[in-house]
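Here are my notes for your first look at this one. Have the viewer open while you read.

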Amino acid sequence: MPSVSVRELSLNFGDVQVLRNLNLDIEEGEFLVLLGPSGCGKSTLLNCIAGLLDVSDGQIFIKERNVTWEEPKDRGIGMVFQSYALYPQMSVEGNLSFGLKNARMPSDEITKRVTRASEILQIEPLLKRKPSQLSGGQRQRVAIGRALVRDVDVFLFDEPLSNLDAQLRSELRVEIKRLHARLKNTMIYVTHDQIEALTLADRIAVMKGGVIQQLAAPQMIYNKPSNLYVAGFIGSPAMNFLPGRLVVNGEEVSFTTKDGASISLQGYEASTSLSQGGEATLGVRPEHIQIHTELIPGVTIPAAVEIDEPMGADSLLWLKLEQQSLSVRIDADLNCQEGTIYHLEFNIPKSSIFRKDTEERI
Amino acid sequence: MVNPSLLPAAPKVVGPRGPKPTKAISPRNIMLYGTLIVVALYYLLPLYVMVVTSLKGMPEIRVGNIFAPPLEITFQPWIKAWAEACTGLNCDGLSRGFWNSVQITVPSVIVSIAIASVNGYALANWRFKGSQIFFTILIFGSFIPYQVMLYPIVILLREIGLYGSLTGLVIVHSIFGMPILTLLFRNYFTSLPEELFKAARVDGAGFWGIYFRIMLPMSLPILVVAVILQVTGIWNDFLFGTVYTKPDIWPMTVQLNNIVNSTQGVKEYNVNMAATILTGLVPLVIYFVSGKLFVRGIAAGAVKG
Ligand SMILES: Nc1ncnc2c1ncn2[C@@H]1O[C@H](COP(=O)(O)OP(=O)(O)OP(=O)(O)O)[C@@H](O)[C@H]1O
Ligand SMILES: [Mg+2]
């Protein structure tokens, strides 16, 4: 039973279509991350689910109930915002209990819930303070608490960590993950930080231009991106792309670069079928390229070293291959001189091949 | 112990060090302070003349030197201006006009700010159907010259039986303050983070709940601005006060005009000066009191989180 269902949702701001015929099913207890570049409509989708924006077309179901026309408070959702959005004139306690008071809950029940939430989030010593007397991390914790006390079915997070510094961000990220493990609520989490997405999500929905490009588990998105866009968006440093052609020779399929170097595609896990041939792009992640000093015919392609970027645990080696810059992740203590020629072996089972015309993964 | 004279000499500090010296008297400063002093004198001189004149007796004024300080200080002109000067049939001085003005200003300020703040809040946060058109009309309304509406409003007030009454004038002031105040509040509420409003909606607060519990407590700075604007504007109003009232309920400004411009008898400059200062006292006090509040309001209203 899906916990949240979005059916054929469209949303326009005047003439601008921000969401286009969007469908999305989120399972009970799932942690779904909406990932995409700025302006792709992530917040808009979240606001639609929350009921803060009227949809132009389509339906929204929460727990099998059609809530398309319901008020935010009647949808069983709690929301956490990027700018915390704490009520500045109320104490932390006032912030936490505001929603409960609006729901006319008896005061002993309110106290019970506020106490429980502040215990979970470890903000009990802060209850009497004003938001302006809290640090960024504490504020965001209170904001989460505001959703927590209301005992909602679905948590909505809109980039909750992006106002925090790097250290606090990773701390709170772990805390949110722990919270999810403990509460087992459905959570929808908007971010444009792929580390957050990859670490938190049960499934990631990669969005672009108001359309979901791929909806899958993080590993799946990382290993088998459904199109060029997703492949380039996920992963840091980014995936390498090599333009070329698929050459079919009986059972054998190989990839030929612009300059005619050929690589056998033995072992490639195709989503459709390779035997259609045609122009294509080979995508390989930096950690899936191996460097050799000797040529292996039909397997390696030569390339010259441009720059060596040490990154601590390992190094990023930039090589020039037929007018194309490629990055390769190598051992940090492998000292490479500029201009050295290496022979690159691509890990074909872990690579992706995209059709040139549709940009879809083959 | 080492003999200090045996230690190597500390290297001499060469070149500029520490705060840069500033010249107190430079051409730039002379220009700057000179201009400021001249401008300040220009504004303060009339006030000085008024205060000095109001403290002199008539014989001393007839001598003619308006800048000379009073030889003999007398408060008689102030007493006369406040409690004895005659306008029309009433000879109870400006005190009558003062209380009239209070009765006009207080309700007008409260009513206009109450309505305008709700208007501004609705326009800023609840994008209801036609809100854009409503807003445009309102802005347009603030550009229509008062004179155009003067007579239609006379008829309107007469028809509802409020012509020549304090209530009528209060209504007029409230309506005329509406466009600019609504604009003021709308812009202020638009500048507050929208996520705060969204959070309150998710928390189940309604239109009035959000207004009273979230928005209003954050509005002190803009409330102070609105109060300054309205109190001074309405207190200083002359046009509406003349047109829509009758002698018994004249506001202070109209009464002042009648005292100063009365044609019978000798011109009592000292009384006139005292009356004028008395009339200007309320806006002056408002500026002083709320100026402090204003700064504090802005500091306390630091909205971010
Ligand atoms: N009130 C509005 N009126 C008109 N256009 C809007 C409005 N709100 C958002 N948009 C547009 O809708 C698009 C999607 O906005 P949205 O806020 O959903 O992006 P986002 O994916 O959340 O981006 P970010 O990561 O920057 O928060 C943007 O192109 C934006 O310009
Ligand atoms: Mg956003």
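**Notes on the ligand site and a helix pair**

1. Start with the shell around ligand 1: A:Phe13, A:Val18, A:Pro37, A:Ser38, A:Gly39, A:Cys40, A:Gly41, A:Lys42, A:Ser43, A:Thr44, A:Glu159 and A:His192, each with a heavy atom within 4 Å of it. This is a predicted model, where local features need pLDDT of at least 70, side-chain atom pairs count only at pLDDT 80 or more, and totals for chains, interfaces and linings use all residues. Residues are numbered from 1 along each chain as written, chains are lettered from A and ligands numbered from 1 in written order, and side-chain values use heavy atoms, without hydrogens and water.

2. By class, that shell has four nonpolar, six polar (Gly counts here) and two charged residues. Helix 1 of chain A (residues 42-50; helices are DSSP runs of H or I, at least four residues) gives the most, three residues.

3. Now the polar contacts (N or O pairs within 3.5 Å). Oxygen atoms of ligand 1 lie 2.5 Å from a side-chain N or O atom of A:Ser43, 2.8 Å from a polar side-chain atom of A:Lys42 and 3.0 Å from a backbone N or O atom of A:Gly41. The protein covers 57% of the 640 Å² of accessible area (Shrake-Rupley, 1.4 Å probe) that ligand 1 has on its own.

4. Over in chain B, how do helix 4 (residues 94-125) and helix 10 (residues 220-236) cross? Their axes (lines fitted to C-alpha atoms over the stretch in contact, angles from 0 to 180 degrees between N-to-C directions) come within 9 Å and cross at roughly 145°. The contact (heavy atoms within 4.5 Å) includes B:Phe98 and B:Ile104 of helix 4 and B:Leu223 and B:Trp235 of helix 10. It has eleven nonpolar, five polar and no charged residues.

Key. A polar contact is a pair of N or O atoms within 3.5 Å; within protein, one must be able to donate a hydrogen and the other to accept it, and residues adjacent in sequence count only if both atoms are side-chain atoms. Helices (H or I, at least four residues) and strands (E, at least two) are DSSP runs, numbered from the N terminus.
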